[in-house]
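Dear colleague,

Please find below the structure that I am handing over to you. I would be grateful if you could read the notes that follow with the model open beside them.

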Amino acid sequence: MDITMLGTGNAMVTECYNTCFVLRDGDRHLLVDGGGGNTLLAQLKHAEFDWMDMREIFVTHKHVDHIMGIVWMIRMICQHMKQGQYEGEATIYGHEEVIRILEEMAEMLYPKKQTCYIGDRLHLVVVEDGEERTVMGHKTTFFDIQSTKAKQFGFCMDMGNGEKFTCCGDEPYNECEKKYAENSKWLLHEAFCLFDQADRFHPYEKHHSTAKDASELAEQLGVQNLILYHTEDKNIARRKELYTEEGKKYFHGNLFVPEDLERIQL
Ligand SMILES: [Zn+2]
């Protein structure tokens, strides 16, 4: 399996793309979030993916830096189904609010001759807190991260022989996620900025955390590999170096601070 980060930034970045990524196992793909628009299509292309291979999609929450690219995916899928250029089916998973918004936006924005494929060959599937599904052929549990901003779900995927890949979304870890995040082989966690620069970026006021916080957490949870994302972009040229340096003081597993389009073997 591998993961390709299509974007690594927070909502307001201009030097990189919003956080979204593709998990791949052989010829199966899971797209997680869509970034803020049709740059998603460019990022998929730059990462040498065929957008048509994104047959399973999960949307964590309704914020525009996560959901708007999915509005484009719906358009692309339905339009190509209509034109007879898209075989088979696709599935988008999300909690009730996400799915309702996507359905309503598609209904309002796109013609009936395209939206007729929704519910037919493009499945918009509501998942509940703690619900288990088979995604990309792997047992995957979706969970509510108990956000106080917008309802948000993360997920925990069984990579095979019980090894866990856990995505905590774009907010700091909450105790309710413990059973998923603890002892994960891979943990994806946001790091808005460096702890050393918290007075400049105000992560806590924005309900985000720092490279130090996320690294301490991963250490406590017995995580083997930590990926930090959803960062500021003012340090983009030295982000990898600076965040890695700070995080390594607190986390003794493998720490990854990927750039956009970086691919990591899992
Ligand atoms: Zn976000």
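The notes below cover the zinc site, the strands and the aromatic residues in turn.

Please bear in mind throughout that this is a predicted model.

Zinc site

The zinc ion has four protein donors: D65 through OD, H66 through NE2, D170 through OD and H230 through NE2. These donors lie 2.1 to 2.3 Å from the ion. Along the sequence, the donor residues follow the spacing D-H-x103-D-x59-H. Two of them, D65 and D170, link distant parts of the chain, as they are 105 residues apart. D65 belongs to helix α2, which covers residues 64-82, whereas D170 is found in the loop between β10 (164-167) and α5 (178-181). Both residues are buried: D65 has a relative accessibility of 5%, and D170 has a relative accessible area of 6%.

The geometry of the site is irregular, with angles of 88 to 169° among the four donor atoms. For reference, the ideal angle for four tetrahedral donors at a metal is 109.5 degrees.

Strands and sheet

Seven strands make up an open sheet with mixed pairing, in the order β7-β8-β9-β10-β11-β12-β13. The edges are taken by β7 (132-135) and β13. Each of these has a single partner strand, so one side of each is left without a neighbour in the sheet. Ignoring direction, neighbouring strands in this sheet are turned by 20° against each other on average.

Within the sheet, β8 (residues 138-144) and β9 (residues 153-158) run antiparallel and are joined by five bridges. T141 stands opposite C156 of β9.

β2 and β3 form a hairpin with two residues between them. G26, in the turn, has a positive phi of about 65°.

Aromatic residues

A search of the whole structure finds eight aromatic pairs. One of them is formed by W186 and F256, whose rings are 5.2 Å apart centre to centre, with 40° between the planes, and the pair is tilted. W186 lies in strand β11 (residues 186-190) and F256 in strand β13 (residues 254-256), so this pair ties together parts that are 70 residues apart in sequence. The two residues can also be described by their accessibility: W186 counts as buried, at 3% relative accessibility, while F256 is partly exposed, with a relative accessible area of 22%.

Elsewhere, F58, Y93, F142, F155 and F165 form one aromatic cluster.

The charged end of R55 sits over the ring of Y86, at 3.9 Å from its centre. K212 lies over the face of F195, at 4.4 Å from the ring centre.

With kind regards

Technical notes
Residues numbered from 1 in each chain as written. Predicted model: local features only at pLDDT ≥ 70, side-chain atom pairs only at ≥ 80, totals over all residues. Heavy atoms only, no water. Phe/Tyr/Trp six-rings, centres within 6.5 Å; stacked < 30°, edge-to-face > 60°. Helix = DSSP H or I, 4+ residues; strand = E, 2+ residues; numbered from the N terminus. Buried < 20%, exposed > 50% of the residue type's maximum accessible area, 1.4 Å probe, protein only. Lys NZ or Arg CZ within 6 Å of the ring centre and 35° of its normal. Donors = N, O, S within 2.8 Å, 3.2 Å for Na, K, Ca; no water. Tetrahedral: all angles 85-135°; square planar, octahedral: opposite > 155°, others 65-115°. Pairing = 2+ DSSP bridges. Axes fitted to C-alpha atoms, helices over the stretch in contact; angles between N-to-C directions.
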